Structures are given as structure tokens and as C-alpha cells.
Amino acid sequence: MERVAAKKTERCPLEEGKEEPEKGDASQEEEEESRKKRPRTEKAETDSNLAEGYHWQKIQAESLDCDYTVLFSREEADSLLFLLAGDLSRVHVYGKWHRIPRKQATYGDEGLTYTFAGLTLSPKPWIPVLEHIRDRVTDVTGHAFNFVLINRYKDGCDHIGEHRDDERELAPKSPIASVSFGACRDFFFRHRDSRGKEPSRPVEVVKLQLAHGSLLMMNHPTNIHWYHSLPVRKGILAPRVNLTFRNIVFSKR
Ligand SMILES: O=C(O)CCC(=O)C(=O)O
Ligand SMILES: [Mn+2]
């Protein structure tokens, strides 16, 4: 696995992270099937469940631990983006009442609830395209997820401000899997000690770019110490859809 300490990338990695499929006659489906059947001992590193056959980049800084790869081929990512964009624009227009600079939707296991803007909400039931992406993430990381938050950014003006994914209902120490489709966008991590006008100490910002079809695993304890954001990029005209797969603890009600 390639290890990179917080570095600035000059251009979008797009599909650079995806290794060529193994040579042979196997179709993409056969390759996926055989990957599913491989025993865990064949995974990338002994201390990790990350699947082989992908170009994983380890992104590390003080208390920051992420793994990045391009998960879907260009063709598959294009068709998933098409399906996701269709579903979201037809069914979910939450922006009207939340006034956020993007559109959001949530899906998850039956019986789950989560709190947003002081409201207790239930996610929609899983749909096949989301199950497909979720299962691929589980397949390559060994982590299962029961909830997904989808953000749709219509262009580079849509953004998300600095925040941590620290909602109370998130299962402690569970990673968050962030899958992106569409426009490649900058993604920044800022350490909590270096925020604001008078930071208590300087810590270098970690800058990534999230490519079409990519997966970013945000592992514990990243979300405790680091805030993340997707800044405005006015030059970007293409849409982007991001899915963050999470684990929510069932609340006893
Ligand atoms: O769009 C992204 O890449 C990030 C989304 C995010 O941070 C969130 O939904 O909490
Ligand atoms: Mn977030």
C-alpha cells in the first residue's frame, strides 16, 4: 500500500488509483465474483481488511487515518452517477426546508432514526443502486454499514462547510466510508487545534481530491480531531454526488 503524508495534489487523480484488472479472459463481473470469494488472508495487509486489486493510498497525519482508492471503473461510475442523479432529483427535494447549499437524502436499515436540525428522522429504505455500492464498499473494506447520507452538489458553488461527523448516534470508532461520483472536488481536513482566528497551534491542512468513483475511508480517530469540508470551486460546472456510509446505533424508543 502506498503511504502518503498530507500532500497537495495538483490535478484530480481520476482513475489513476484503479489498478489494471488482472490479465485473462475474466469479465468484470467474473473478476468481482472471484474477488468476493477470496479468503481474507489475501487482503492487502495483515493489519487491514482492505482488498487486493485496488491501489490503496494511506493518508496519515497526526490522529488522521484515511484510506483512499478509486473503487469503480469509469464506465461503472458513470452509470451509477446516472442512476443516483435520477433518483435524487425525482424523489428528494429537501433543500427547500433545510436551506443548505446542496441536496441531501438518507437511506438505511428499517427502524433506524437520526437527528437533523433538531428533528428525529427516519431514513428511506435501501434501493438497489445504494445496496450495490454499499456492498462493494463492504466487500473491499470488511466494514458493514446500516445508513447512508447522500449529498448532491449541482456544481462547484454547492459545498459543505467545516464540520466533524460527530453525531451522537454514530457507532463509536466505526469508520465512515465516503464514495464520490461526478466532478472531482477538493476536500480539506483541518485539525481542531488549528481552527479559528487564534489557533492554539499550527497544524498543516490535509488536502485531497476526491475523484469520480472513489472511496475515502475515514478511520477512527480522524473524526475526533479533524474537521473536513468541501470548499466552493466556482470554476466547476459539473454535478457531484457523495455518499457517506455510516453505522448508526439503534436507539431504544
Ligand atoms: O461531499 C463530501 O465529500 C463530504 C460530505 C460530508 O462530509 C458529509 O455529508 O458529512
Ligand atoms: Mn462530513
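A word on metal sites before you click: donors are N, O and S atoms within 2.8 Å of the metal (3.2 Å for Na, K and Ca), and water is not among the atoms, so sites may look incomplete. This is a predicted model, where local features need pLDDT of at least 70 and side-chain atom pairs count only at pLDDT 80 or more, while totals for chains, interfaces and linings use all residues. Residues are numbered from 1 along each chain as its sequence is written, ligands are numbered from 1 in the order in which they are written, and side-chain values use heavy atoms, without hydrogens or water.

Select ligand 2, the manganese ion: His 163 (NE2), Asp 165 (OD) and His 228 (NE2) coordinate it at 2.1 to 2.3 Å. Along the chain, these donors are spaced H-x1-D-x62-H. Asp 165 is in the loop between E9 and strand E10 (176-182) and His 228 in strand E14 (residues 226-230), so the pair ties together parts 63 residues apart in sequence. (Strands are DSSP runs of at least two residues, numbered from the N terminus.)

Now jump to ligand 1. Which residues are closest to it? Of the 13 residues that surround ligand 1, those are Asn 151, Tyr 153, His 163, His 228 and Arg 240; to surround here is to have a heavy atom within 4 Å.

Next, show polar contacts (N or O pairs within 3.5 Å). Oxygen atoms of ligand 1 lie 2.5 Å from a side-chain N or O atom of Tyr 153, 3.0 Å from a polar side-chain atom of His 228 and 3.0 Å from a side-chain N or O atom of Arg 246.

Last stop: colour strand E15, which gives the most to this shell, with four residues.

Technical notes: Polar contact = N/O pair within 3.5 Å; in protein donor to acceptor, adjacent residues only side chain to side chain.
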